[in-house]
Each structure stands twice: as structure tokens, then as C-alpha cells.
Amino acid sequence: MSLFSKTRPIFEEAWGTLRFVGCSRWRWDSTNDHEWYKVDGHGRYSDVAPRWGEFYELMGPDPDRDAVSWEKIGADTVSSRHFLYYFRDETLEFMAEEWSFIPS
């Protein structure tokens with residue numbers, strides 16, 4: 001079983017609001033597509049995530065989760081889940097209880 005679960009919002013519109021409910025912490029990372037594909041890139045998950053440029057939920061134990069600094073909003077809860085959104089020039093990472101997408 002993979003650590004990553006592809007969590008692609010299903011919608012027809014490309015614009016909208018991606019909302020994280022019960023967000024306890026977040027981080028904006030400079031890992032981009034160039035770093036992802038480098039042999040010695042600094043992406044924590046570039047060796048294990050299936051593909052670049054997707055929206056993922058990490059499942060199960062993750063020893064690398066706390067190896068970086070986070071912007072903290074509150075304490076994680078037992079319902080907190082780990083989400084990663086890889087864009088072309090950066091990565092967004094969230095600990096939240098749920099997510100939703102609302103098309104514009």
C-alpha cells in the first residue's frame with residue numbers, strides 16, 4: 001500500500017476555492033518541478049510520491065512530516081490529515097481535518 005493517496009478534486013472548472021477545514025498547520029515550500037526531478041533534489045517526497053503536480057493525501061505514519069518547519073494555527077487533532085499540493089513552482093502542505101473545492 002502506498003503512503004500517498006491521490007486526492008484529485010473532480011470538477012469541470014479550473015478555477016475555484018480549495019478550502020481546508022480544521023486546518024492546524026500549513027507550509028509553503030519552494031520545491032518546484034526542477035527540484036522534484038533532480039537526482040539530488042530537495043523534495044522530501046520526490047522519491048516516493050507517484051507523480052509531480054498532483055494533489056495528495058499522505059496516509060499512515062510519516063517520519064519526514066516534522067522534519068521541516070510549519071506555520072502553526074493550532075494543535076493537530078486525531079482527525080488531522082496530511083495534504084500536499086504540488087504546483088509548478090512551489091508546494092503547499094496542510095494538516096487539516098477535511099478539504100473541499102468550490103468552483104468559481
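User: Let's start with R27: is it buried or exposed?

Analyst: Check the relative accessible area: under 20% is buried, over 50% is exposed, and in between is partly exposed (1.4 Å probe, protein chains only). R27 has 10%, so it's buried. Keep in mind that this is a predicted model, where local features need pLDDT of at least 70 and side-chain atom pairs count only at pLDDT 80 or more, while totals for chains, interfaces and linings use all residues. Residues are numbered from 1 along each chain as its sequence is written, and side-chain values use heavy atoms, leaving out hydrogens and water.

User: How many salt bridges does the structure hold?

Analyst: There are 7. Take D76 and R25, whose closest N and O atoms are 2.6 Å apart. D76 is in the loop between β5 (71-72) and β6, while R25 is in strand β3, so you're looking at distant parts of the chain, 51 residues apart. With 33% relative accessible area D76 is partly exposed, whereas R25 is buried at 6%.

User: And what about R81? With which residue does it form a salt bridge?

Analyst: With E98; the closest N and O atoms are 3.0 Å apart. R81 belongs to strand β6 and E98 to strand β8 (residues 98-103), 17 residues apart. Both are partly exposed: R81 has 24% and E98 has 35%. Bridges can also share partners, and that joins R25, R65, D66 and D76 into one network.

User: Which ring does the charged end of R25 sit over?

Analyst: For that, we ask that NZ of Lys or CZ of Arg is within 6 Å of the ring centre and within 35 degrees of the ring normal. R25 does this with W70, 4.7 Å from the ring's centre.

User: Okay, rings. How do I describe a pair of them?

Analyst: You give the distance of the centres and the angle of the planes. Rings of Phe, Tyr and Trp (its six-membered ring) pair if their centres lie within 6.5 Å; planes under 30 degrees apart are stacked, over 60 edge-to-face, and the rest tilted. A search of the whole structure turns up 7 aromatic pairs. In one of them, F20 and F94 have ring centres 3.9 Å apart and planes at 20°, so they're stacked. F20 is in strand β2 (residues 16-21) and F94 in strand β7 (residues 91-96), so the pair joins parts 74 residues apart in sequence. F20 is buried at 14%, and so is F94 at 13%.

User: Are Y56 and Y86 stacked or edge-to-face?

Analyst: Their centres are 6.3 Å apart and their planes meet at 70°, so call them edge-to-face. Y56 is buried at 1%, and Y86 is buried at 5%. Elsewhere, ring pairs link F20, F55, F83, Y85, F94 and W99 into a cluster.

User: Now S24: where does it lie, and what is it in contact with?

Analyst: S24 is in the loop between β2 and β3 (25-29), and it's buried at 3%. Contact means heavy atoms within 4.5 Å. Leaving aside neighbours within four places in sequence, the partners of S24 include E71, G74, D76 and M95.

Note on methods. Helix = DSSP H or I, 4+ residues; strand = E, 2+ residues; numbered from the N terminus. Salt bridge = Lys/Arg side-chain N within 4 Å of Asp/Glu carboxyl O.
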